[in-house]
Amino acid sequence: MAEDKEVENSTVAIPVGIKIGSQHTVIVTSDGEFVTHTCIREVENPITGEKEYVIGDEAIELFGDDVNYMLRGGFPGSEEEAELLKAFLLRLVKEYDIPENSYVTYAVPSIESEVCVNLLKKVIAQLPVGWVGKEMWNDSFLGALAFPEGMEMLNKTFLVINLGSSTTEVVAVRRGEIVYSLVTGAISGDSVDRKIRNEIQNETRGAVNIDITTAREFKERYANLKNWEKVQETVHLFEKGKYSFRIDECIIKPVNEYIEDVADFVAMQFLPELAERNFSVYRQIMKRDFILIGGMAEIPGLAEKLEAVLRDRLGVGISIKVPEKPSTASARGAYTISKLRVENK
Ligand SMILES: Nc1ncnc2c1ncn2[C@@H]1O[C@H](COP(=O)(O)OP(=O)(O)OP(=O)(O)O)[C@@H](O)[C@H]1O
Ligand SMILES: [Mg+2]
């Protein structure tokens, strides 16, 4: 009997959620969450001379800035980038033992370009996973399914602000449908990293030039609007001797500017445009909490600060709520959908 059961179980599809972002790819299965950087580096096997790939966190560890992030706004922009994404995902699904016998829901950003969407779809079709079924949803929307209400969010109308590495996306959702969305590449986690690098350069009068990966690591480690700690770094400069500077000050300024920019984007652009297009949805959204997801929402105190700036811009009291681990929320939402599909099969 027990054997029969095992056989039966092994034919049941495995539910999987995959979020593909420009910076982070997240896989969620019943075993947990796996996060890695969406990057790849081509290397030559020193013995055979064959082309090989090192991917994700391992590639960063070995090659630092010298790796290829193949996506912009969560999508490949050319056949070449699509090929790299395919190589990356093939390695990833193998590494995490995702079987062919799986149901996979993909979390992807919204985008206008059909070319980019088709490139991504082609890559997904070539992966040896999701043979029981696969589907694609907007990742900002899926982030909302990560709240304890789960699928109940499908009946609701709400706004999601998604703070990514290469883009900021705002979407208005009504009963699972994206009523209106806006994406900008002008406000992003990456641009904060570039500003941090410049601040450090200015602060040290050009003596300290860090790479972008280091700037991002500083941000991820020290950016904190709740408990602001003084962080001092000392470098030994040629001829000038020991020189100390405040990293925290070089981080806080770009982060605060970023929050102002996000608030402007939501209050001055998204909401007025939404009100013009669909006043009823606009009114419903203004009565509810705004949802904040994406990696930059991990910065302690950022949500509270954004809430205060938005209240100021809008002249009305709004609240922001953040799901647990906002950087991986969309992948958990995607997993929820796959699980539901498998259970209903
Ligand atoms: N703990 C953290 N503290 C501060 N910043 C963080 C933290 N974790 C991630 N980030 C920042 O969040 C950004 C990445 O967010 P996310 O993983 O949502 O991006 P993505 O979805 O891969 O990119 P995109 O949406 O542009 O395709 C990066 O700028 C990263 O440095
Ligand atoms: Mg994203």
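1. For the composition counts below, Ala, Val, Leu, Ile, Met, Phe, Trp, Tyr, Cys and Pro count as nonpolar, Asp, Glu, Lys and Arg as charged, and the others, Gly among them, as polar. The model is predicted, and local features need pLDDT of at least 70, side-chain atom pairs count only at pLDDT 80 or more, and totals for chains, interfaces and linings use all residues. Residues are numbered from 1 along each chain as its sequence is written, while chains are lettered from A and ligands numbered from 1 in the order in which they are written.

2. Ligand 1 is surrounded by 23 residues, a residue being near a molecule if its C-beta atom, placed from the backbone, lies within 6 Å of it. The closest are Gly 21, Ser 22, Gly 164, Gly 189 and Gly 295. Two or more residues of this shell come from each of α6 (189-203) and α7, and α7 gives the largest share, three residues. By class, the shell around ligand 1 holds four nonpolar, 14 polar and five charged residues. Helices here are DSSP runs of H or I with at least four residues, and strands are runs of E with at least two, numbered from the N terminus.

3. The domain assignment, which is automatic or from a database, gives domain 1 (10-146 + 327-340) and domain 2 (152-322). Both domains give residues to the shell around ligand 1, so the ligand lies between them. Taken over C-alpha atoms, the centres of domain 1 and domain 2 are separated by 24 Å.

4. The contact between the domains takes 21 residues from domain 1 and 23 residues from domain 2; two residues are in contact if their C-beta atoms, placed from the backbone, lie within 7 Å. On the side of domain 1 that touches domain 2, α5 (139-144) and α11 (329-343) each supply at least two residues. The largest share of that side, five residues, is from α5. Its residues divide into six nonpolar, 12 polar and three charged.

5. Helix α7 (residues 212-222) packs against helix α8 (residues 247-277) at an angle of about 90°, with the axes 10 Å apart. Axes are lines fitted to C-alpha atoms, for helices over the stretch in contact, and angles run from 0 to 180 degrees between N-to-C directions. The angle makes α7 roughly perpendicular to α8, a term that covers 65 to 115 degrees. Phe 218, Lys 219 and Tyr 222 in α7 meet Ile 247, Asp 248 and Ile 251 in α8. This contact comprises four nonpolar, no polar and two charged residues.

6. Five strands form an open sheet in the order β3-β2-β1-β7-β8, with mixed pairing; strands pair if DSSP finds at least two bridges between them. At the edges are β3 (32-37) and β8 (133-138), each pairing on one side only. On average, neighbouring strands of this sheet are turned by 15° against each other, direction ignored. Within the sheet, β1 (residues 14-20) and β2 (residues 24-29) are antiparallel over four bridges, and Lys 19 has Val 26 in β2 as its bridge partner.

7. Strand β4 (residues 39-44) is joined to strand β6 (residues 68-69) by two bridges in the antiparallel sense, with Tyr 69 in β6 as the bridge partner of Cys 39. β4 also pairs antiparallel with strand β5 (residues 51-55), over five bridges, where Glu 42 has Tyr 53 in β5 as its bridge partner. The hairpin of β4 and β5 has six residues between the strands, and in this hairpin Gly 49 takes a positive phi near 80°.

Conventions. Parallel < 35°, antiparallel > 145°, perpendicular 65-115°, else oblique.
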